[in-house]
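Reader: Could you walk me through this one? I'd like to start with the ligand and then look at how the pieces pack.

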Amino acid sequence: MARIDLKSLAHSYFPDPKTDEDYALRRMEHVWEDGGAYALLGPSGCGKTTLLNIISGLLTPSHGQVLFDGKDVTSLAPEERNIAQVFQFPVIYDTMTVYDNLAFPLRNRGIDEKRVDARVREIAGMLDLNGKLKQKARGLGADEKQTISLGRGLVRDDVSAILFDEPLTVIDPHLKWVLRRKLKEIHNKLRPTMVYVTHDQVEALTFADKVVVMYGGKVVQLGTPQELFENPAHTFVGYFIGSPGMNIMDCKIDDGAAWVDGQRIGLSNRHLEAVSKQTGKLELGIRPEFLTLETGNADKGSDGIEVNITKVEDLGQFKIATTRFGTSEIKVKLGEDEQVVGQSGILRFVPEWTKLYADS
Ligand code: ADP
Ligand code: MG
């Protein structure tokens with residue numbers, strides 16, 4: 001398995017790109033460690049498939065290089081790169097048995113039959129395909145065919161990396177959970193370098209050690225699920241990760257604090273220093289989980305903001321209150337039993353969890 005370096009990578013599908021907007025990928029500069037489980041997460045159209053296809057060699061980048069373990073592979077064809085790739089839809093041979101489908105990538109490399117057999121049975125066992133090995137793929141359902149595709153991606157143990165492009169799209173929701181867990185188990189056991197593309201945060205956060213969040217052709221943050229939750233580097237990460245995402249408001253800095261709609265919001269010195277030289281637009285972000293809301297004649301004190309509670313949504317495991325002051329709407333996560341719609345309350349920001357974003 002390999003370490004993957006992306007060096008000054010950029011790609012445009014236009015023959016003669018002029019502006020930044022003409023690029024599907026812009027300025028990628030990253031190192032993905034050997035044996036890592038990476039998820040590429042971002043909305044549709046942000047460049048995930050483009051990046052994956054550049055790594056696998058299906059696409060040649062307009063600029064920059066891809067290195068596997070320090071070796072430049074940018075101009076190598078996919079079959080010369082030693083990569084396994086699993087796509088959104090099954091890529092299998094309908095007329096072959098499940099066994100032969102799984103064995104294909106190994107036989108193709110001239111691996112001896114004894115080793116092929118051991119490996120096919122090992123992977124089939126992991127994916128619960130052992131009972132179906134003798135069946136022709138043709139008669140199987142879409143879920144089973146895609147499971148075979150996953151198996152074909154996993155069966156070789158000598159690839160530099162395994163790339164998955166939204167592989168669970170056609171799978172029904174229950175089996176999705178099962179397969180996602182299996183992929184994670186397989187990663188823990190065999191430690192291949194895996195890159196898993198998805199637009200689904202739950203999928204990314206459960207699969208990956210490191211999540212690469214993409215937005216508008218760029219990586220806006222690469223971090224552990226916890227880092228993305230606690231310290232979003234960009235308002236997009238705050239908004240996209242979490243449910244609901246981060247509250248984001250325009251703010252001004254004055255007198256050692258942030259001001260939103262005429263209300264003072266205390267900040268940590270660390271956050272204040274980070275923006276002290278910024279002159280452009282500033283936004284303040286805080287997650288619904290990190291705010292406190294007190295009702296019933298709570299004391300405003302020096303750091304509270306008076307709010308009206310306009311809505312409470314029950315999301316099953318928890319509730320989300322929408323609070324309002326001035327023209328700002330702020331979502332707050334509530335404990336189980338709070339009945340607060342129509343009441344007023346006191347909202348408190350915790351300085352350490354209140355983030356500032358400049359020009360994002
Ligand atoms: P994602 O996989 O994140 O949905 P893609 O990598 O498929 O995003 O697409 C990134 C951008 O490149 C989009 O704006 C898309 O319209 C454009 N694009 C993708 N493939 C092509 C192509 N073959 N020709 C022209 N534009 C493309
Ligand atoms: Mg895609």
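Reader: Which residues surround ligand 1?

Author: Quick note: this is a predicted model, where local features need pLDDT of at least 70, side-chain atom pairs count only at pLDDT 80 or more, and totals for chains, interfaces and linings use all residues. Residues are numbered from 1 along each chain as its sequence is written, with chains lettered from A and ligands numbered from 1 in the order in which they are written. A residue is near the ligand if its C-beta atom, placed from the backbone, lies within 6 Å of it. Around ligand 1 you'll find Tyr13, Ala24, Gly42, Ser44, Gly45, Cys46, Gly47, Lys48, Thr49 and Thr50.

Reader: How many nonpolar, polar and charged residues are in that shell around ligand 1?

Author: Ala, Val, Leu, Ile, Met, Phe, Trp, Tyr, Cys and Pro count as nonpolar, Asp, Glu, Lys and Arg as charged, and the others, Gly among them, as polar. Sorted by class, the shell of ligand 1 comes to three nonpolar, six polar and one charged.

Reader: What do the bounds of domain 1 and domain 2 look like, and how many Å separate their centres?

Author: Domain bounds come from an automatic or database domain assignment. For this protein, that assignment gives domain 1 (4-239) and domain 2 (247-358). Taken over C-alpha atoms, their centres are separated by 39 Å.

Reader: And how many residues does each domain put into the contact?

Author: Two residues are in contact if their C-beta atoms, placed from the backbone, lie within 7 Å. On the domain 1 side touching domain 2, the classes are two nonpolar, three polar and no charged. The count is five residues from domain 1 and five residues from domain 2.
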